[in-house]
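Hi,

Here is the structure I promised to send over.

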Amino acid sequence: MEMKNNNSFLILFLHFLCFNVNTNISFGSGDNISTNEFLSIGQTIVSSGGNFELGFFKPGNSLNYYIGIWYKKIYPQTVVWVANREKSVDILDGNMSLPVLRIIQGNLVLLDTNQNSIWSSTHDHYNDTRNNSVIAVLGDDGNLILSDASNTSTPVTLWQSFDHPTDTFLPGAKLGYNKITQRKHVLVSWKNSSDPAPGLFSLELDPNLAQFIVKWNKTIQYWKSGTWTGDTFSLVPEMRIYYVNNENESYFTYSIFKNSTTTSRLIIDVSGQMKQRTWSNNAAGWNEFWAQPREQCQVYGYCGAFGICTSNTNSPCNCLTGFMPRSIDEWNLNDYSGGCVRKGKLQCSAITEDKDDFWMNLTMILPTSQYTNVTVGEVSQCRDTCFDSCSCTAYTYDGLGTCSIWTGYIFNLQQLSENETERTISVKLGSLQAQTKAKKSIKLKAILVAIIPFMVLLICSISYIYYRRRRTAKGTGTQISHWHKAEGEAKELMIENDENKVIDVPYFDLETILVATDNFSNANKLGQGGFGPVYKGIFPGGEEIAVKRLSSHSGQGIDEFKNEVTLIAKLQHRNLVRLLGYCINAMERILLYEYMPNKSLDTFIFDGSLCTLLDWKKRYDIILGIARGLAYLHHDSRLRIIHRDLKTGNILLDEAMNPKISDFGLARIVEGTRTGANTKKVVGTYGYMSPEYALDGLFSIKSDVFSFGVVVLEIISGRKNTGFYQSEEALNLLGYAWRLWIEEKAIQLTEKSLLESCNMSEVIKCINVALLCVQEDSNDRPNMSDVTVMLVGENMCLPKPNRPAFVMRTHTSNISSSSKVSNNQVTITIEAGR
């Protein structure tokens with residue numbers, strides 16, 4: 001190994017010597033490569049602001065070299081563009097030459113060790129008289145531009161890397177369609193983390209419907225964003241990218257707000273998902289804010305042929321019984337696209353008798369690969385049809401006369417999650433050894449299927465008998481109260497970690513809850529949150545209680561459940577929702593709250609009719625109540641609690657329209673005198689998160705203050721922060737409010753129905769306080785105790801706010817009048833709360 005490194009160093013040294021003695025060519029310098037300069041291994045150019053670097057690199061564990069662009073200040077190396085992704089540069093021992101990147105006849109050309117061209121920037125603007133004036137410059141936005149600088153005042157762009165993206169979509173770039181040349185910009189994933197060659201997944205614009213689409217193998221579309229509505233995508237409203245459409249081109253683009261140090265990128269990942277990531281200096285890593293499709297198993301062909309995809313596991317892909325990975329090395333790199341192959345050849349023609357052990361029966365989500373439907377009378381005819389055809393790989397019967405036949409490879413087999421049902425698919429097995437193994441597996445499953453129901457029935461019977469006897473022993477006239485303490489498993493699960501004692505919250509048995517909610521009937525359903533539905537329950541004595549039933553797909557586990565129960569149990573304030581009890585067992589996690597007949601604040605303020613029920617006095621009282629509740633959490637309770645998901649949907653209203661802060665599943669306690677902490681898992685709701693939390697994972701009481709400021713602006717204006725206002729300027733609510741403030745027109749932010757009844761000075765004061773709360777620098781924001789004082793005080797001289805976070809400048813692109821444009825800063829879209 002040492003000798004090999006010495007040889008490589010010697011080759012580089014001799015190469016350097018040869019070029020400097022025998023030619024007048026020099027190395028590239030600064031941020032550019034001119035006609036008389038070149039780059040070789042170990043040499044780079046850096047953009048003027050130091051953001052990006054271009055040079056030779058070796059991805060992952062690869063021994064091959066590529067020309068690429070990467071972030072200069074980020075480690076580990078993150079590559080955003082690759083020139084020769086389809087053909088690497090090999091360095092052979094003993095070869096005295098090294099590859100170089102230089103300008104030849106007006107084009108950037110990559111020459112291998114034998115001076116053969118293996119990649120070139122291709123354009124149609126070359127002119128022999130301009131050869132010496134062509135220069136390649138690496139911009140601070142990551143764009144490599146080749147231009148003719150013969151006219152220094154107006155250089156002519158000949159070629160740019162933004163027009164030839166690989167897997168990364170950077171701020172300022174375009175992803176679209178040129179109507180003149182009919183050329184599309186397409187992002188194509190890497191093959192795996194060590195190979196930038198084009199992978200199977202691609203992201204492009206559908207110009208007809210103005211939407212993003214993701215394809216497998218550039219043929220099968222498996223995800224779409226939905227059409228552009230003018231400010232969002234119809235199926236993915238959290239994606240905040242703006243759209244331009246004119247007579248020459250249509251494209252999507254996005255940008256970072258001015259003077260921001262945020263580093264953001266959008267990629268088509270090797271996983272087949274479209275991902276938005278932002279660099280966190282605090283965590284020294286990339287934060288992933290959203291991924292589409294949301295579930296890994298929704299990606300077509302992710303596990304390859306004959307692979308089974310299982311969501312929410314560290315190892316999402318497995319092979320069918322009797323199959324093995326086509327390439328273990330690729331699977332170790334999380335590249336499952338090669339799929340699985342049979343361990344033994346399919347001996348179809350040699351088997352003349354159809355026996356059960358020739359088939360492997362699987363109950364799962366059916367594959368989406370091509371199949372043929374045949375009309376048959378019964379399932380045995382479907383089986384015979386597949387058995388008689390050696391090209392048939394698998395079959396399934398729908399029970400209604402339709403037989404589906406698969407030939408060749410099978411893609412997109414998905415393991416069922418809880419409560420999901422699908423048809424059984426029967427797959428032909430391969431060798432006799434594989435058949436034997438599959439047969440044993442099937443027998444074992446059959447035994448378990450037979451034993452488990454019997455054991456469950458036995459346990460239920462014993463439990464029922466014990467329950468009846470215990471109830472009889474207490475006397476038939478005694479009413480069993482639904483208020484009783486948790487016992488058994490629930491008691492163990494709900495022990496507080498720090499104090500080693502059971503949480504002092506009443507426990508409800510599931511049977512009582514089912515009766516109170518009429519078996520969770522839709523008639524009693526109050527609403528649906530991100531973590532599950534909420535029902536109205538009528539309990540003994542006519543008591544009305546809100547029942548929140550956490551969904552198994554909500555993402556809230558036992559720790560978040562315990563967190564919410566523990567926190568609310570220890571909090572007592574008129575502006576915090578009161579927890580009345582809980583229920584937990586193997587299947588259910590349920591929270592019971594005091595019933596709020598007027599539901600949540602967003603139900604009123606964003607509804608054109610209901611909003612008139614909230615006059616200014618009620619809205620002012622709601623703002624003040626929320627402020628007092630937050631001040632209690634931050635400063636006055638026994639615990640210092642950061643809510644982390646404050647929004648209008650989490651403010652409930654009682655019968656007198658008094659606000660109650662709810663949903664503490666994401667809340668965190670900070671110890672002693674600390675006021676904040678940090679996390680690598682950023683969770684919350686888009687539009688309400690502070691920049692330091694969304695971008696760096698830093699949360700504090702000032703994060704809640706930011707969310708409060710957004711809520712106040714929404715209450716005053718009756719508009720959502722995540723919408724777009726005054727379309728000619730395409731600003732979000734914070735930007736719109738700030739523009740009105742600096743133009744001294746803040747009163748125009750007020751919802752029209754309030755203008756006649758509102759107290760103008762109170763409205764201006766609330767807008768002032770809200771803008772103080774949403775300032776970009778968390779140190780400039782007031783704490784909630786100060787906010788409360790400012791709100792109740794009269795004739796106070798309030799500080800002037802600085803510019804809010806996430807505010808964009810007006811877009812000034814020249815487009816036709818028919819174009820639709822919407823601008824926004826880089827948008828952080830996070831898994832929504834409840």
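**The second largest cavity**

Fourteen is the count to start with: the second largest cavity is lined by 14 residues, and Trp81, Ser161, Phe162, Pro165 and Thr168 lie nearest its centre. For the terms, a cavity is a set of points, on a 1 Å grid over the protein atoms alone, where a 1.4 Å probe fits but cannot get out, and lining residues have an atom within 4 Å of a point. Before going on, note that this is a predicted model, in which local features need pLDDT of at least 70 and side-chain atom pairs count only at pLDDT 80 or more, while totals for chains, interfaces and linings use all residues. Residues are numbered from 1 along each chain as its sequence is written, and side-chain values use heavy atoms, with hydrogens and water left out.

The volume of this second largest cavity is about 100 Å³, taking volume as the space filled by probe spheres set on the points, with grid points joined across faces, edges and corners. The structure holds 6 cavities of 30 Å³ or more. Domain 1 (26-164) and domain 2 (167-294) each contribute at least three residues to the lining, with bounds from an automatic or database domain assignment.

**Strands and a hairpin**

Strand E24 (residues 274-280) and E25 run antiparallel and are joined by 7 bridges; two strands pair if DSSP finds at least two bridges between them. They form a hairpin with 4 residues between them, and Ala284 in the turn has a positive phi of about 50 degrees. Ser280 sits opposite Gly285 in E25. In strand E25 (residues 285-292), 6 of the 8 residues are buried, so the strand is largely enclosed by the rest of the structure. Buried means under 20% relative accessible area, exposed over 50%, and partly exposed in between (1.4 Å probe, protein chains only).

There is also an open sheet of 4 strands, in the order E16-E15-E22-E21 with antiparallel pairing. Its edge strands, E16 (183-184) and E21 (242-245), each pair on one side only. Inside the sheet, 4 bridges join E15 (residues 175-178) to E22 (residues 249-253), and Tyr177 stands opposite Ser250 in E22.

Which peptide bonds are cis? One is from Tyr75 to Pro76, with omega near 0 degrees, and Pro76 lies in the loop between strand E6 (66-71) and E7. Another is from Gln292 to Pro293, with omega near -5 degrees; Pro293 is in the loop between E25 and strand E26 (307-309).

Asn519 has a positive phi near 60 degrees and is exposed, with a relative accessible area of 55%. Met657, also not a glycine, has a positive phi of about 65 degrees, but counts as buried at 13% relative accessibility.

**The whole protein**

Overall there are 14 helices and 46 strands, and 51% of the 834 residues count as buried.

Cheers

Terms used:
On a 1 Å grid over the protein atoms alone, a cavity is a set of points where a 1.4 Å probe fits but cannot get out, and a pocket is an open set with protein on both sides within 12 Å along at least five of seven lines; lining residues have an atom within 4 Å of a point. Helices (H or I, at least four residues) and strands (E, at least two) are DSSP runs, numbered from the N terminus.
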